[in-house]
Amino acid sequence: MGDSGVTNRPPGAPVAHGFPHLDTVRSAITALYRRLSADGVRAYATSLAPVDAAFGDGDDLHLGAQRVARSLVQHLRLPDARMIVGFRAMEHAASVELTAGPEYFIELNDRFRTHRRDIGAALAHEITHVLLHRLGLEFPGTRANEILTDTTTAYLGTGWLLLDAFREDATSRQKLGYLTPEEFGYVLAKRAFAFDEDPSPWFTSPQAYTAYTKGRQRALDDLRRPPLTAAGWTGRRRYAKDRRYAQDHPEAGPDPNVPYVFETGPQGLRVSFPCPTCHQRIRLPVRGRVSARCGLCRTRLECDT
């Protein structure tokens, strides 16, 4: 079973920005928690250290690539997976042959022979493909599955390498992966909030740091939406108005412009909304201040329903 591999954007090609894949990214985070469990995800609470992906110009090409691959295998908790890394001319940045194992063959684009600082980023994506293959976790369609892979790479502690590979100046541009730089920043920030870890000191690319700050702001927005008590005044006012309308018009359908949905049942009005950590939907009775815990990721949530 072959894998098309991480994308290799031609030098000078425009880089997409913003958050066009956010729905798929959020679905990927939910799927990851469902497959691994909250405890399983927390096993990756410490990111891969920069020293474990460091690759100097004086290092032997093949021995260095094998060393970084071993570090990634250990971090992603694939103890019996052996990666054999080679280089050849190819369209993509890298590819992996997904088999039953225990050996997996990864091929890297020949340009990494002279761009060694980004070998770790390319390997991180491909080795995450192996992890997902072993977990039996995949999304339908190539693009959605690659977004799942990028999201998993970032959320489990090696994807900061992919964002750090993003560089953009007046004469050249480089980006690895299917997510935009800001989406990588978003996932890394979600991880940072969940595990109290700040990846920003590891970035060597100024453009990566900028993308991270933009993604972090979007991730902060998830923590400030009603009915969470951290929601701002404007959101709380809109929520109160929508709640009154739902109480007076129980037959009304959901408003697609807001993340919460009111439901009327035998026990009265309830509200459902996505968990700000894992995006699993949570349902609570509408009765004012309440403390809740997400059943999937176990995040404690303070709400005013």
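Trainee: How many aromatic pairs are there by this rule?

Mentor: The count comes to seven aromatic pairs, in what is a predicted model.

Trainee: What makes Trp 160 and Trp 202 an aromatic pair, and why is it called tilted?

Mentor: Their rings are 5.3 Å centre to centre, and rings pair if their centres lie within 6.5 Å. The angle between the planes is 50°. Planes under 30 degrees apart count as stacked and over 60 as edge-to-face, so the rest, this pair included, are tilted.

Trainee: What does the pair tie together?

Mentor: Trp 160 lies in helix α6, residues 160–164. Trp 202 lies in the loop between α7 (181–195) and α8 (206–222). The pair therefore ties together parts that are 42 residues apart in sequence.

Trainee: Are Trp 160 and Trp 202 buried or partly exposed, and how do you know?

Mentor: Buried means under 20% relative accessible area. Trp 160 has 4%, so it is buried. Trp 202 has 21%, which lies between 20% and 50%, so Trp 202 counts as partly exposed.

Trainee: Why is the pair of Tyr 260 and Phe 262 called edge-to-face?

Mentor: The planes of Tyr 260 and Phe 262 are 65° apart, and over 60 counts as edge-to-face. Their centres are 5.7 Å apart, which is within the 6.5 Å needed for a pair. Tyr 260 and Phe 262 are both buried.

Trainee: Which residues form one aromatic cluster?

Mentor: Tyr 33, Tyr 155 and Phe 195 do.

Trainee: How do you know that Arg 218 lies over the face of Phe 19?

Mentor: Arg 218 is at 4.3 Å from the ring centre of Phe 19, and the cut-off is 6 Å, together with an angle within 35 degrees of the ring normal. Arg 111 likewise lies over the face of Phe 112, at 4.6 Å from the ring centre.

Trainee: Which residues line the largest cavity?

Mentor: Among them are Trp 160 and Trp 202, along with Ser 47, Arg 191 and Glu 197. The cavity has a volume of about 30 Å³. Its lining divides into five nonpolar, two polar and two charged residues.

Trainee: Which element gives the most to the lining of the largest pocket?

Mentor: Helix α1 (22–42) does, with four residues. The pocket has a volume of about 320 Å³ and is lined by 15 residues.

Note on methods:
Residues are numbered from 1 along each chain as its sequence is written. This is a predicted model: local features need pLDDT of at least 70, side-chain atom pairs count only at pLDDT 80 or more; totals for chains, interfaces and linings use all residues. Side-chain values use heavy atoms; hydrogens and water are left out. On a 1 Å grid over the protein atoms alone, a cavity is a set of points where a 1.4 Å probe fits but cannot get out, and a pocket is an open set with protein on both sides within 12 Å along at least five of seven lines; lining residues have an atom within 4 Å of a point. Grid points are joined across faces, edges and corners, and a volume is the space filled by probe spheres set on the points. Ala, Val, Leu, Ile, Met, Phe, Trp, Tyr, Cys and Pro count as nonpolar, Asp, Glu, Lys and Arg as charged, and the others, Gly among them, as polar. Rings of Phe, Tyr and Trp (its six-membered ring) pair if their centres lie within 6.5 Å; planes under 30 degrees apart count as stacked, over 60 as edge-to-face and the rest as tilted. Helices (H or I, at least four residues) and strands (E, at least two) are DSSP runs, numbered from the N terminus. Buried means under 20% relative accessible area, exposed over 50%, partly exposed in between (1.4 Å probe, protein chains only).
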